[in-house]
Amino acid sequence: YIPGGSLRRRLDSGRKFSLEEVADLAVPILRALDYAHQGGIVHRDIKPDNILLDESGKPYLVDFGIATIEAVNITRTRTTSATPAYMSPEQVLEAKVDARSDIFSLGVILFEMLTGKRPFLGENIPSLLNKIVNDEPGELVSRAGPLPEGFEAVLRKALAKKPEDRWASAGAPD
């Protein structure tokens with residue numbers, strides 16, 4: 001139990017996030033992901049419901065229920081249990097998933113925090129999954145307002161369709 005609630009609750013409140021708030025949430029989550037990834041653990045279900053906030057707003061990454069351990073692979077790879085709206089293209093295609101999939105999912109969350117909408121929307125789950133695999137995210141600047149130089153490029157790299165076009169690690173972006 002963490003008394004501040006989930007990031008989902010904050011997103012659903014319609015409250016806008018400042019760039020400072022986005023950074024204050026993203027950095028600790030990136031550190032948590034980097035720590036897990038260094039241990040060979042891939043979360044596979046990064047979503048606002050799995051980011052809990054304490055009363056001061058400090059985020060905690062929770063629910064590693066469908067995580068895989070890369071060296072052991074303790075869950076079935078052909079099982080789709082993640083939340084569709086935050087799945088990476090490789091999860092949708094039931095391909096090999098690694099740390100870069102978690103980075104994509106966090107990119108979806110950051111986009112949503114900045115714009116109030118997810119980058120991929122569909123009328124139903126098949127339509128949504130098709131857009132995740134095939135469509136580019138909407139324009140960030142026109143939806144979020146002015147951003148620091150390079151910020152959109154960082155987010156676009158996190159949301160790259162091909163895993164090899166994303167950062168290999170949450171802790172060491174190139």
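Author: On a 1 Å grid over the protein atoms alone, a cavity is a set of points where a 1.4 Å probe fits but cannot get out, whereas a pocket is an open set with protein on both sides within 12 Å along at least five of seven lines, and lining residues have an atom within 4 Å of a point. This is a predicted model, in which local features need pLDDT of at least 70 and side-chain atom pairs count only at pLDDT 80 or more, while totals for chains, interfaces and linings use all residues. Residues are numbered from 1 along each chain as its sequence is written, and side-chain values use heavy atoms, with hydrogens and water left out.

Reader: Which residues lie nearest the centre of the largest pocket?
Author: The largest pocket has a volume of about 340 Å³, a volume being the space filled by probe spheres set on grid points that are joined across faces, edges and corners. Its lining consists of 17 residues. Those nearest the centre are Ala26, Leu30, Leu110, Val154 and Trp167.

Reader: Which elements each supply at least two residues of the lining of the largest pocket?
Author: Helices (H or I, at least four residues) and strands (E, at least two) are DSSP runs numbered from the N terminus. On that basis, the elements that each supply at least two residues of this lining are H2, H4 and helix H7 (151-158).

Reader: How do the residues of the lining of the largest pocket divide by class?
Author: Ala, Val, Leu, Ile, Met, Phe, Trp, Tyr, Cys and Pro count as nonpolar, Asp, Glu, Lys and Arg as charged, and the others, Gly among them, as polar. Under that scheme the lining of the largest pocket divides into 14 nonpolar, 3 polar and no charged residues.

Reader: Which element gives the most to the lining of the largest cavity?
Author: The structure holds 1 cavity of 30 Å³ or more, and about 40 Å³ of space lies in the largest cavity. Its lining is made up of Leu7, Leu25, Ala26, Ile29, Ile51, Pro59, Leu106, Ile109, Leu110 and Met113, and two or more of these residues come from each of helix H2 (19-38) and helix H4 (99-115). By class, this lining has 10 nonpolar, no polar and no charged residues. The element that gives the most, with 4 residues, is H4.

Reader: With which residues is leucine 7 in contact, leaving aside its neighbours within four places in sequence?
Author: Contact means heavy atoms within 4.5 Å. Once neighbours within four places in sequence are left aside, the partners of leucine 7 are Phe17, Leu25, Pro48, Ile51, Leu53, Ile109 and Met113.

Reader: Is arginine 44 buried or exposed?
Author: Arginine 44 sits in the loop between strand E1 (41-42) and E2, and its phi is near 70°, a positive value in a residue other than glycine. Most residues other than glycine have a negative phi. Because its relative accessibility is 9%, arginine 44 counts as buried.

Reader: What is the phi of glutamate 94?
Author: Glutamate 94 is found in the loop between helix H3 (89-92) and H4, and at 29% relative accessibility it counts as partly exposed. Its phi, again a positive value in a residue other than glycine, is near 55°.

Reader: How far apart in space are lysine 117 and arginine 143, C-alpha to C-alpha?
Author: Lysine 117 lies in the loop between H4 and H5, and counts as partly exposed because its relative accessibility is 47%. Leaving aside neighbours within four places in sequence, lysine 117 is in contact with Phe111, Glu112 and Arg143. Although lysine 117 and arginine 143 are 26 residues apart in sequence, their C-alpha separation is 8.8 Å.

Notes: Buried means under 20% relative accessible area, exposed over 50%, partly exposed in between (1.4 Å probe, protein chains only).
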